[in-house]
Amino acid sequence: GDSGEGSSGDTYTVATDNNFVPFEFLNEETGEMEGFDMDLIRAVADEAGFEVDIESMKFDGVVAGMQTGRYDIGIAGMTITEERAETIDFSDPYYDAGLIIAVQEGNEDIQSEDDLAGKKVGTRSGTTSETYLSENHPEAEIVTFPGIVEAYMDLQAGRVDAVMYDVPNVQYYVNNDAKGELKTVGDILQGEQYGIAFPQDSELVEPVNEALQTLIDNGTYDDIYEEWFGE
Ligand code: GLN
């Protein structure tokens with residue numbers, strides 16, 4: 001492009017979710033945040049010529065941190081929604097996701113979202129799943145948790161009947177931590193796309209979009225995808 005290179009070397013603050021496998025989570029040994037989003041934002045920063053200072057928090061804090069302009073960039077498996085786009089800016093979409101239901105392995109009672117009436121359904125506060133449940137399943141008892149791992153643990157302990165959440169996170173949890181204990185049921189409920197977030201009118205949107213496109217074109221995006229989602 002014809003824009004200047006003036007921002008080279010600047011450090012920007014990045015707000016991320018403290019636990020959303022495999023997009024962002026703490027590596028206890030190194031003390032570093034790891035995951036798909038973390039590799040992606042570090043690669044974007046390299047490409048666009050800036051440094052990042054990553055801070056992790058509850059998911060709803062990331063959204064609020066964009067609205068108040070407290071952080072320069074937010075990356076947290078954040079779904080691009082019309083409502084959020086009224087108060088914050090998004091990059092081009094970088095990941096296709098959706099919502100799905102998890103239940104205990106032996107549960108035959110809940111086979112799809114049609115079976116949620118009268119059931120306790122766990123999810124995470126401030127997320128698209130909470131909105132989806134309150135709009136489409138008012139007859140379910142919605143139980144919100146600040147962290148999604150708490151919702152999965154309550155599901156394993158039988159304190160909630162189901163959990164609704166982002167497909168890649170549910171699938172990762174079901175295939176790893178809760179293998180043989182939890183399963184997914186029904187279809188993907190709502191197609192969603194993740195975007196990198198910014199406070200409104202941020203000058204970083206354009207250079208980040210350009211860097212993202214370069215990483216897609218030169219295969220870096222595929223390498224990162226393969227590392228976290230490859231078989
Ligand atoms: N994609 C969901 C949302 O944007 C959840 C993201 C998350 O928990 N990190 O609401």
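The structure is a predicted model. The complex has an ipTM of 0.97 and a pTM of 0.94 from the predictor. Mean pLDDT for the protein is 95. A pLDDT of 70 or more is reached by 97% of the residues. Residues 1-7 stay under 50. For this stretch, the model has 5 contacts beyond four places in sequence. Where pLDDT is low, the predicted coordinates should not be read in detail.

The shell around the ligand draws on two domains. Domain 1 comprises 11-94 + 195-229, and domain 2 spans 97-191. Both give residues to the shell, so the ligand lies between them. The surrounding residues are Asp-17, Phe-20, Phe-59, Ala-76, Gly-77, Met-78, Thr-79, Arg-124, Thr-127, Thr-128 and Asp-166. By class, the shell holds 4 nonpolar, 4 polar and 3 charged residues. Among the charged residues are Asp-17, Arg-124 and Asp-166.

Two packed helices are described by the angle between their axes and the distance between the axes. Helix H1 covers residues 36-48, and helix H7 covers residues 205-217. Their packing angle is about 105°, and the axes are 9 Å apart. H1 is therefore roughly perpendicular to H7, as the angle falls within the range of 65 to 115 degrees. H1 contributes Ala-43, Val-44, Glu-47 and Ala-48 to the contact. From H7 come Pro-207, Val-208, Ala-211, Leu-212, Thr-214 and Leu-215. The contact of H1 with H7 has 8 nonpolar, 1 polar and 1 charged residues.

Definitions and conventions. Residues numbered from 1 in each chain as written. Predicted model: local features only at pLDDT ≥ 70, side-chain atom pairs only at ≥ 80, totals over all residues. Axes fitted to C-alpha atoms, helices over the stretch in contact; angles between N-to-C directions. Helix = DSSP H or I, 4+ residues; strand = E, 2+ residues; numbered from the N terminus. Parallel < 35°, antiparallel > 145°, perpendicular 65-115°, else oblique. Contact = placed C-beta atoms within 7 Å. Near = placed C-beta within 6 Å. Domains from an automatic or database assignment. pLDDT = per-residue confidence, 0-100.
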